[in-house]
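Q: Hi! Could you walk me through this one while I have it open? I'd like to begin with the charged side chains and then move on to the rest.

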Amino acid sequence: MVHMDFAVCLARMLSDMTHRRIPSILVNEKTALLPQGRQNLVNRALEHEATHLLFLDSDMTFPPETGARLLSHDRDIVGAAASTRLEGRQRITAMKRWGEPLALGPDDGLVAADYLGCGGMLVKAGVFRSMEKPYFPSHFIEERDGRDIWLGEDFGFCDKARELGFTVLVDAKLSFAFGHLGQKSFTLGQMAGKRIRE
C-alpha cells in the first residue's frame, strides 16, 4: 500500500531531480519481510550500477529537494530522522547511542548518530559493496519491563556500517521537513456532546 501523500512527494522529488539533471531509476520492492525487501532493493540497484541508493519508505512525506540535498552532502550515509507514529508518545527515528534519542534542532546541520531509520536515507553504493550480507540484520536484544526489545533492520544496517568505519549522519534541517504518515479511525463516538442531525 502506498499513501497518496507519499506518491505526490515522490513525483515532485523526481521532477526536481530531472530539472537538476540528476539521473535516477525507481526501484520498488514488495515483501512482508523488511530486511529481505531492503536487501533485494540493494541487489537490484547494484545490478543497475547505481552510485547511490535513496531509501524512502512509502509512509513518509518529504520536500522536492530531498534527493538533491542529500546528494549535495557527498557523504557515505546521510538521511533524515522523522517522528514515530505513536500518538502521545512520539519519538525520533534516530539515536545518538543505543537507548539515547538524538537531540536535534533544525539549525544543527549534519549530526552524527549511531542509528538512523531508513525511511529517508541516502547510502553510497560502495558501502554495500564493502559489506557482507545480510545488509539489514534484525535480532532480539532483551526483555525489558515485560517488553521484548528488538534491533530493527535499519539499525542493524547502521551497526554493520559503523563497524566498517562509516559514519551515519542526520541532516537536521531536512529532518524537520519530513513527515510520517499514519492511520487513524474517526468514529461518531468521538464527537463528544454532539447530536447527529438527520
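Q: Which residues are linked with Arg-38 in a network of salt bridges?
A: Asp-57 and Glu-153 are linked with Arg-38 in that network. Bear in mind that this is a predicted model.

Q: How far apart are the closest N and O atoms of Glu-153 and Arg-38?
A: They are 2.8 Å apart, and the two residues form a salt bridge. Glu-153 lies in helix H5 (residues 153–163) and Arg-38 in helix H2 (residues 34–47), so this pair ties together parts that are 115 residues apart in sequence.

Q: And is Glu-153 buried or exposed?
A: Glu-153 is buried, at 8% relative accessibility. Arg-38 is buried as well, with a relative accessible area of 6%.

Q: OK, how many salt bridges does a search of the whole structure find?
A: The search finds 10. One of them joins the side chains of Arg-20 and Asp-16, at 2.7 Å from N to O. There, Asp-16 is buried with a relative accessible area of 16%, while Arg-20 is partly exposed at 45%.

Q: What does Glu-142 form with Arg-144?
A: A salt bridge, with the closest N and O atoms 2.6 Å apart. Glu-142 is partly exposed, with a relative accessible area of 31%, and Arg-144 is partly exposed too, at 35%.

Q: Switching topic: what is the strand order in the open sheet?
A: The sheet has 5 strands in the order E1-E8-E3-E11-E6, and the pairing is mixed. Strands E1 (52–56) and E6 (110–113) are at the edges with a single partner strand each, so one side of each has no neighbour in the sheet. On average, neighbouring strands are turned by 25° against each other, direction ignored.

Q: How do E1 and E8 run, parallel or antiparallel?
A: Antiparallel, with 5 bridges joining E1 to E8 (residues 120–124). For instance, His-52 has Lys-124 in E8 as its bridge partner.

Q: Now the greasy part. Which residues have the most contacts inside the largest nonpolar core?
A: Those are Phe-55, Ile-77, Phe-128 and Phe-157, in a core of 35 residues. Another core lies apart from it, with 16 residues, among them Leu-56, Phe-62, Leu-122 and Phe-178.

Q: And what is Phe-128 in contact with, leaving aside its neighbours within four places in sequence?
A: Phe-128 is in contact with Val-42, Leu-46, Leu-53, Phe-55, Val-123, Tyr-135, Phe-136 and Phe-157.

Methods. Residues numbered from 1 in each chain as written. Predicted model: local features only at pLDDT ≥ 70, side-chain atom pairs only at ≥ 80, totals over all residues. Heavy atoms only, no water. Pairing = 2+ DSSP bridges. Helix = DSSP H or I, 4+ residues; strand = E, 2+ residues; numbered from the N terminus. Axes fitted to C-alpha atoms, helices over the stretch in contact; angles between N-to-C directions. Core = buried A, V, L, I, M, F, W, Y, C linked by side-chain atoms within 4.5 Å. Buried < 20%, exposed > 50% of the residue type's maximum accessible area, 1.4 Å probe, protein only. Contact = heavy atoms within 4.5 Å. Salt bridge = Lys/Arg side-chain N within 4 Å of Asp/Glu carboxyl O.
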